[in-house]
Amino acid sequence: MPLARSLSVTSLSGLEDWDEEFDREDAVLFEIAWEVANKVGGIYTVIQTKARLTCEEWGENYFLVGPYMESSVRTQVELIEPCNATLRRTIDKMNSSGCKVYFGRWLIEGSPYVILLDVAFTAWSLDRWKSELWENCSIGVPWFDREANDAVLFGFLTAWLLGEFAAQCDETPHIVAHFHEWLAGLGLVLCRQRQLPVATIFTTHATLLGRYLCAGNVDFYNKLSEFNVDKEAGDRQIYHRYCLERAAARCAHVFTTVSQITAIEAEHLLKRKPDIVTPNGLNVKKFSAMHEFQNLHAQSKARIQEFVRGHFYGHLDFNLDKTVFLFIAGRYEFSNKGADIFLEALARLNYLLRVNHSEVTIIAFFIMPARTNNFNVETLKGQAVRKQLWDTAHTVKEHFGKKLYESLLVGQLPDVSKMLDKEDFTMMKRAIFATQRQCLPPICSHNMLEDSSDPILNCIRRIGLFNSAQDRVKVIFHPEFLSSTSPLLPMDYEEFVRGCHLGVFPSYYEPWGYTPAECTVMGIPSVSTNLSGFGCFMEEHIADPSAYGIYILDRRYRGVDESCHQLTSFLFQFCQQSRRQRIIQRNRTERLSDLLDWRYLGRYYVSARHMALAKAFPDTYIYEPQEPTSATGFRYPRPASVPPSPAHSLHSSPHHSEAEEEEEPYDEDLEAEKDRVNIRQPLNMPNRNKNQTAGLPEKN
């Protein structure tokens, strides 16, 4: 099924001709999501990173609406009195009518205002509101689905808030309400059913039914048009949720998705073609000097190497300077996230490296949270042994240094045979004996509660990657999110990503894909697929993605075995790169970060709001989108110099000719200047609140 081109990032540079300036003085923006100041998944990242740009655009007229979660509020929100008189009257009226509504500032970049609705406090109204939902919309919600019950309470409270705000305004207001995902979608449906003066936008980041279908190992994308959506939703006992999501998509003035691949999915499953694709961005921090992010990579890599020294003590028979770190991270969805195909590719890569007698060692990290009860004792012991060796080495070094110092003081060259005494040798021998190990290094860093049925561990048992001395590919499964306070691997996620060489995300179902996007912003190459929003985005805008460190795996038009073979080829080619080639590639990857900056991608949200206002208030706002043409889009060209990837080389096995490498023509400054020509300066939003944004640094 072809990817239909619509008003989206397929013509990013075409936005230069758009006139998105419109009068917002009497307009108010409410952005509603279950993940406002409440971290659950990726939508939290979308809203958190976009807040600064939206605050610059809307100033004091921008309000985020979410659920009140006391644990999150204590650490993330500063509760204050509403500064807007209309909003103050609205909240007072709701609180006096049996609700609990809180107002404050979310302590993130941009410090946006947040309105938090206490869902639990109004649970007494649940039955009444569910009856009203059935009478007006013919959607029934079962009593046992707690998440759907929360969606009903949150939806009615949101509609109550927007209706009360409109009633409290002295003049007819121009309200824009942007709803994210099905958990917030009922509020939109009620706004339209009650005919409130609100311009509505609904964004689906991933369809409910799509996620469930992909988890069931079906040929999802090639059979999209064949699914009986009502039956499929009913069979999975999510029909009521599906109805809430579909009603929100159908009722919204403007319907958006985060990628072209999700737009096709939504058109078939939700029965409406999205009006605009609004890709997810990030706040990109540009370094003043190009080598700074390379230095951060070296520092973080050194910390990972220290962990590896402890984890593989007694079996450290490989050269860490010739070791490549790969990783996969995200929700523990074995098939959807591509962990299955990654493991199979690692087994094939292990065979290739062994038969080619490669000196390269691969260590693949799986960072996916699962049910555990504690750290693995053997893993903790490894770090303790490493620390003991380090302390022993320092003690011996001090003894050696003291004797060397005393010898030099009297003007004599030291007698090396007398520099270390018998006690020092005894101490070192004891330390060496302590590194002896009777078992192989552990695969999993924690004790799994469901070890025998865990998909990753079972797959590792099947393919036989047990971290033995003969294996050139080693595997470490860390079933917990990374934390700088961990006694095992004390690094936060960003540090860990910076220290790795390649992120591998061969997802089958990934509406956008923040993990490869974060890799790109940090200058780390990654593997993505043409079934992820990020992969499609990069494929459309880069003529040769692999030269820029973006490897796109074909999982749409190839079978599993073919895709696995292609992934193995990508990994094997990456292993053949020299250190210099990897540095060149990281420089190119980091330059792509401008493509993912909210200052570029945020303009699609600007367009969506303008379109919604024009549909809801046609007498006040006019929206005439310019249809992109093939001439207005752009693609990053191939780099001017020889690409670093051996994929473009005729060599079929690793070659290590230093002379050949030195002859590669490469000028970093010249390449960077040519790439900058392909992307214009970031969008500067009109500043609506100068006091609020005065202290924010400008993007270089």
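Which residues are linked with R52 in a network of salt bridges? R52 is linked with E56, E109 and R599. This is a predicted model, in which local features need pLDDT of at least 70 and side-chain atom pairs count only at pLDDT 80 or more, while totals for chains, interfaces and linings use all residues. Residues are numbered from 1 along each chain as its sequence is written, and side-chain values use heavy atoms, with hydrogens and water left out.

**Salt bridges**
- A search of the whole structure finds 32 salt bridges, each being a side-chain nitrogen of Lys or Arg within 4 Å of a carboxyl oxygen of Asp or Glu.
- K50 pairs with E31, their closest N and O atoms being 2.8 Å apart.
- K50 lies in helix 1 (residues 42–58) and E31 in strand 1 (residues 27–32), so this pair ties together parts that are 19 residues apart in sequence.
- Helices (H or I, at least four residues) and strands (E, at least two) are DSSP runs, numbered from the N terminus.
- Both K50 and E31 are buried, where buried means under 20% relative accessible area, exposed over 50%, and partly exposed in between (1.4 Å probe, protein chains only).
- K231 and D235 also form a salt bridge (2.8 Å, N to O), and they sit 4 residues apart in helix 8 (residues 229–235), about one helical turn.
- K231 is partly exposed at 49% relative accessibility, and D235 is partly exposed at 48%.

**Exposed site**
- L409 is in helix 13 (residues 377–409).
- L409 is exposed, with a relative accessible area of 58%.
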